[in-house]
Amino acid sequence: MSYRNLGQLFHERVERYRDRPAYYVRRGDRWQPLTWAEWSEQARAFGQALLARGLGPGESVAILMGNRPEWPVSDVGTMLAGGVTVGIYPTSSAEQCRYIIAHSDARFVLVDTPTQWEKIARVRSELPQVRLIITVEDVAGGAEGVVSFDRFLDVGRAHREAVAPILDERSRRATLDDIVMMVYTSGTTGLPKGACLSHRYVLNSVLSLNEVIPLSDSDVSLSYLPYCHVAERISGLYNRMYAGVTAYLVEDLAKFWDYVAEVRPTIFASVPRFYEKAYARILADLEAARSEEKERIHRALRIGRQISALQQARQPIPDDLRRAYEEAERTVFPQLRRYLGGRVRYATSGGAALHRSLEEFFAAIGLPILQAYGLTENVCVAFNRPDHYKFGTVGPPMPGCEVRIAPDGEILVRSEMMFSGYYKEPDKTAEVVIEGWLHTGDLGALDEEGFLTITGRKKEIIVTSTGKNIAPILLENMLKEHPLISQAMVYGEGKSYLVALLTLNVAEALDYARAHHIPATSLSELAHHPAIVRLVQEIVDRVNARVSSTEAIRRFAILERDFTIEEDELTPTMKVKRSVVAERYRDVLEQLYRE
């Protein structure tokens with residue numbers, strides 16, 4: 001490795017790109033640049049202010065903010081000062097914020113909006129170790145122990161002469177094994193754990209990422225996934241830093257698609273939900289097109305799917321089919337790719353399985369979505385390559401990462417990109433790192449070509465009353481392949497058969513209702529409408545036809561609303577909290593087992 005720590009990487013990039021924009025920030029109707037030199041100056045000022053206010057080596061700074069420039073400024077500033085950043089999801093409750101701030105021993109807390117300030121204000125009396133709260137917006141009304149972000153930077157500048165040498169010394173002396181950030185797991189089965197990530201973890205991860213998906217300083221991306229998540233932090237912030245990529249910060253997700261059209265990113269790193277929305281928009285517009293235009297597009301898609309299938313099978317492409325594809329590439333596919341801006345070089349997806357229909361569609365139009373797999377403890381595990389990908393898999397292992405499958409099907413990982421342990425929880429660390437191998441808790445399989453498929457979660461295996469072991473995630477992903485289904489939770493622990501709780505995708509359900517003249521305007525109405533129930537039954541029947549009789553879903557219930565983070569039914573990464581949902585809908589589940 002050519003870098004001794006992240007500070008050296010940052011300083012070298014600042015010297016190379018000083019006056020180029022590192023970020024663009026939306027101000028009114030314009031994008032305002034933040035150059036690399038400005039990022040550096042503000043980060044140093046922030047780090048100097050932390051030192052002036054007594055930040056010790058390895059002490060934590062909690063960040064509760066959306067995607068705005070203060071996030072990378074404070075993140076890098078804390079790193080340069082020898083501190084550890086702790087991201088908190090903006091969707092977190094006050095109690096969740098309190099737990100993470102207290103558990104991480106954070107000395108400083110940053111918030112941006114009145115909503116986030118109110119959360120911290122409610123639990124502030126329970127956080128005696130917090131020295132100072134820093135607010136981006138003027139939200140605290142002069143409360144004691146609170147300072148504005150701009151004022152905090154001024155403190156750092158005012159103390160520059162005294163503390164800049166300390167900042168430089170801490171930055172220079174940081175070792176690869178020093179902890180630079182803590183990322184808290186989403187906590188599907190209990191309290192979240194603080195995974196400690198080192199300079200080595202981050203640097204090796206970005207080097208591995210750039211071998212697989214090489215970025216350049218001419219690339220442009222949108223930053224809209226939360227920085228507190230390991231994927232956006234590593235493959236986003238630090239990967240973009242390594243490659244010199246310019247990012248446009250999206251603070252208002254309601255304007256996301258407008259910004260996609262404006263910015264026209266060359267890199268589109270996302271999660272399945274965003275591709276589902278793009279796909280739904282394309283289908284809606286296609287449905288409204290004239291019949292001749294509709295047929296022309298469908299014909300081009302059939303050709304694209306044929307090409308994609310041959311590529312998947314590593315088969316030669318006949319000349320006549322190639323010529324037909326080239327014609328579709330000139331006339332049809334560019335207008336479909338325009339829904340993602342029109343100039344995307346790489347589209348990637350992680351966090352959950354991508355529906356097969358989406359994989360096939362985007363590959364057909366010349367924009368394959370490259371699925372990846374990683375976890376907080378080792379963000380770079382497997383990744384489909386632009387020239388070597390396979391539907392339904394998360395790709396081969398990444399450079400520098402070994403993957404093997406344990407006898408019980410668990411995915412084991414060993415690499416130089418592994419976390420350093422859970423903060424203050426050595427016993428839990430010892431449970432997952434055994435003889436140098438990370439026991440991921442995920443179940444999977446490697447095929448003959450080395451492609452990894454995720455088949456379930458070890459802790460979520462359902463054992464029926466007949467002793468059969470069933471991975472619910474496989475069934476749930478099959479159910480969610482249909483765009484009508486938003487969330488699915490399969491249940492059956494200790495029971496003689498499986499049942500499922502299903503929620504509807506709002507936009508898709510309402511579009512279906514309009515197209516079929518169903519007089520319903522809400523999910524609660526649609527959940528009980530006979531036409532919707534019949535369609536869901538067909539979806540369930542198709543899934544059952546693909547699995548064994550013991551894995552078949554015997555009965556289901558369509559819920560009147562979707563699961564939400566706010567109701568504590570989903571983690572911040574949109575994973576279903578099974579125990580919460582099972583308890584909340586216990587009566588519904590019991591009804592499904594009554595004759």
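Colleague: In which sense do strand 6 (residues 132-135) and strand 7 pair?

Modeller: Bear in mind that this is a predicted model, where local features need pLDDT of at least 70, side-chain atom pairs count only at pLDDT 80 or more, and totals for chains, interfaces and linings use all residues. Residues are numbered from 1 along each chain as its sequence is written, and side-chain values use heavy atoms, without hydrogens and water. Strands are DSSP runs of E, at least two residues, and helices are runs of H or I, at least four, numbered from the N terminus; two strands pair if DSSP finds at least two bridges between them. Strand 6 and strand 7 have three bridges, and their sense is parallel.

Colleague: Which strands stand at the edges of the open sheet of seven?

Modeller: The order reads 7-6-5-3-4-8-9, with mixed pairing. The two end strands, 146-148 and 194-198, each have a single partner, so one side of each lacks a neighbour in the sheet. From one strand to the next, the twist averages 25°. The edges are strand 7 and strand 9.

Colleague: And helix 3 (residues 70-80), what angle does its direction make with that of strand 4?

Modeller: Helix 3 packs on the sheet, touching strand 3 (60-64), strand 4 (84-87), strand 5 (106-111) and strand 8 (179-184); contact here means heavy atoms within 4.5 Å. Axes are lines fitted to C-alpha atoms, for helices over the stretch in contact, and angles run from 0 to 180 degrees between N-to-C directions. With strand 4, the angle is about 150°.

Colleague: How many of the seven residues of strand 14 (residues 369-375) are buried?

Modeller: Buried means under 20% relative accessible area, with a 1.4 Å probe and protein chains only. Strand 14 runs parallel to strand 13 (residues 346-349), joined by three bridges. By that cut-off strand 14 is mostly covered, and its buried count is five.

Colleague: What do strand 14 and strand 15 (residues 378-383) form?

Modeller: They pair in the antiparallel sense over three bridges, and Leu 375 stands opposite Asn 378. With two residues between them, the two strands form a hairpin.

Colleague: Last one: in strand 25, which residue is the bridge partner of Leu 502?

Modeller: The open three-stranded sheet has the order 23-24-25. Strand 24 (residues 498-504) runs parallel to strand 25, with five bridges. The partner of Leu 502 is Ile 558.

Notes
Buried < 20%, exposed > 50% of the residue type's maximum accessible area, 1.4 Å probe, protein only.
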